[in-house]
Amino acid sequence: NGGYGFWVNGFFVTSVTADGGTVSALNAVNKRGRVKLAADVFIDCSGDGDLATMAGATALPADPKHPGLQPVSMMFRMGGVDTPRLTDFVRRHPENCALGESEAIRDGRTDQQCADEIHRQGQPTVFFKANGPLLKNAIGSGEMYPTALIMIQPTSTQRREVCLNTTRVGGVDGTDAASLSAAMGALLDQVWQCVRFVKTRVPGFEDAHFSGVASRVGIRETRRIACDVVLTEEDVHRGRKRADGIGKGSHHIDIHETGLGQVRIPVDDGGSYDIPWGCLLPRGLSNVIIAGRCLSADRPAHGSARVMGPCMAMGQAAGTAAALVASQKLPHVRTLPI
C-alpha cells in the first residue's frame, strides 16, 4: 500500500484487500483493535484519492503548462464588520476590486457600475485584487504578504461576520503530513498579518475582531485520479454538455499560484458544463467510485470542478450509483445504465 493510510469515520485504513481490480475490504485499526470493513461498492471522497490509490489506481501526470500544485490556504473569519462602510469604500474606489470578470456577468457594465451594484445589494462580498492600489502598495511595502486576492464573503448577517480567503503557501504536498504541518505556522502568520491590514486600511473593519479560523488547512489540489474519461479545459471553457453527465459545474477555471499569480478563465457565456460519469470511475477498478477534487481532469478543468458545488454533485451521483449497483447486485460499476 505504499506505506500510508487514511482516516474514515474513526478508523485508520492501513491497506485494502483487492483481487483483479475488485476491492473486497478495507483493513483498518481503531481504539478497539484491527477491523475489516467490507462492502459491495466503495466510494472514495477523500479528496486525495487515497482509497483508489491504495487499490492500485494511478494519478494523472503533471501538466508541463501548469507545473506544481496549487498553494494551500487557511481561511478565517472576522466579526463586527460595518458592511455599509465597506461597500461604500468599494463604490468610491472600484479600482481596488476584481469586478465583473465574466462578460456574461458584466453585461456591458463598467467597473463603477458593478461597484455601485455591490453597494446596492448591501452584502459584504468583496474581492480586493493584487494589482489594485490598496493591495499592491501594501504588498510592496511588506504590510501584506504576496497574494492574488483578498476574498471577503458573508457568513453571518446577525454577527456582522465575514470569512476571508487570502492566505497562501506554495510548494506543499497535501498528501504529506510533514509538508502540511510545516505550512501551518506560515499560514497562521499570514492570518494575523491580514487581520492587522484590514483593520488598519479597509473601511468597515476598524472595529472588527478576529472571530475564528478554519478547522484544517484548505487543500486545493493533490492527486487527480486516472479514470475512464478525463474532463478537459476545452470541456469547461466551452460549457460542453454530455449525455452521460451526472453533475454540473460553472465556476471559472481557477488555478491559484504561489505569490501573486492566479489563472481565472470564465465558462463561455456564463454557462455550465457537464461532468461525465466516466470521470468518477478509476481505470482498472471494478467497484470503486471517486468523487470530489480527486476526479479525473486536466489541471485547468480541475481548477473549476474542484470547488464545493461540483464536489457535492459528484458525491450525490456516486452515492446514488453505489446504492443502485449494490441493490441490483450488478457485477461492475460500469454495467449501471447512466
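**Close-up views of a predicted model**

View 1. Strands here are DSSP runs of E with at least two residues, and helices are runs of H or I with at least four, numbered from the N terminus. This is a predicted model, in which local features need pLDDT of at least 70 and side-chain atom pairs count only at pLDDT 80 or more, while totals for chains, interfaces and linings use all residues. Residues are numbered from 1 along each chain as its sequence is written, and side-chain values use heavy atoms, with hydrogens and water left out.

View 2. Welcome to an open, antiparallel sheet of four strands in the order 1-2-3-4; two strands pair if DSSP finds at least two bridges between them. Strand 1 (6-8) and strand 4 (33-38) are the edge strands, each pairing on one side only. Between neighbouring strands of this sheet the average turn is 45°, direction ignored; axes are lines fitted to C-alpha atoms, for helices over the stretch in contact, and angles run from 0 to 180 degrees between N-to-C directions. Strand 1 is joined to strand 2 (residues 11-19) by three bridges, and Trp7 has Phe12 in strand 2 as its bridge partner. Strand 3 (residues 22-30) and strand 4 run antiparallel and share six bridges. Look there for Leu26, whose bridge partner in strand 4 is Leu37, and for the hairpin that joins strand 3 to strand 4 through two residues.

View 3. Four bridges pair strand 7 with strand 8 (residues 149-156) in the antiparallel sense, and Lys129 finds its bridge partner in Leu149 of strand 8.

**View 4. A tilted aromatic pair.** Rings of Phe, Tyr and Trp (its six-membered ring) pair if their centres lie within 6.5 Å; planes under 30 degrees apart count as stacked, over 60 as edge-to-face and the rest as tilted. By this rule there are three aromatic pairs. Trp192 and Phe210 have ring centres 4.6 Å apart and planes at 50°, so the pair is tilted. This pair links distant parts of the chain, with Trp192 in helix 6 (residues 177-201) and Phe210 in strand 10 (residues 209-213), 18 residues apart. Trp192 is partly exposed at 42% relative accessibility, and Phe210 is partly exposed at 29%.

**View 5. The largest nonpolar core.** A nonpolar core is a set of buried Ala, Val, Leu, Ile, Met, Phe, Trp, Tyr and Cys residues joined through side-chain atoms within 4.5 Å. The largest has 45 residues, and Leu231, Leu280, Ile289 and Leu295 have the most contacts inside it. Helix 9 gives the largest share of this core, five residues. Beyond four places in sequence, the contacts of Ile289 include Phe42, Trp277, Leu280 and Ala318.

Technical notes
Buried means under 20% relative accessible area, exposed over 50%, partly exposed in between (1.4 Å probe, protein chains only). Contact means heavy atoms within 4.5 Å.
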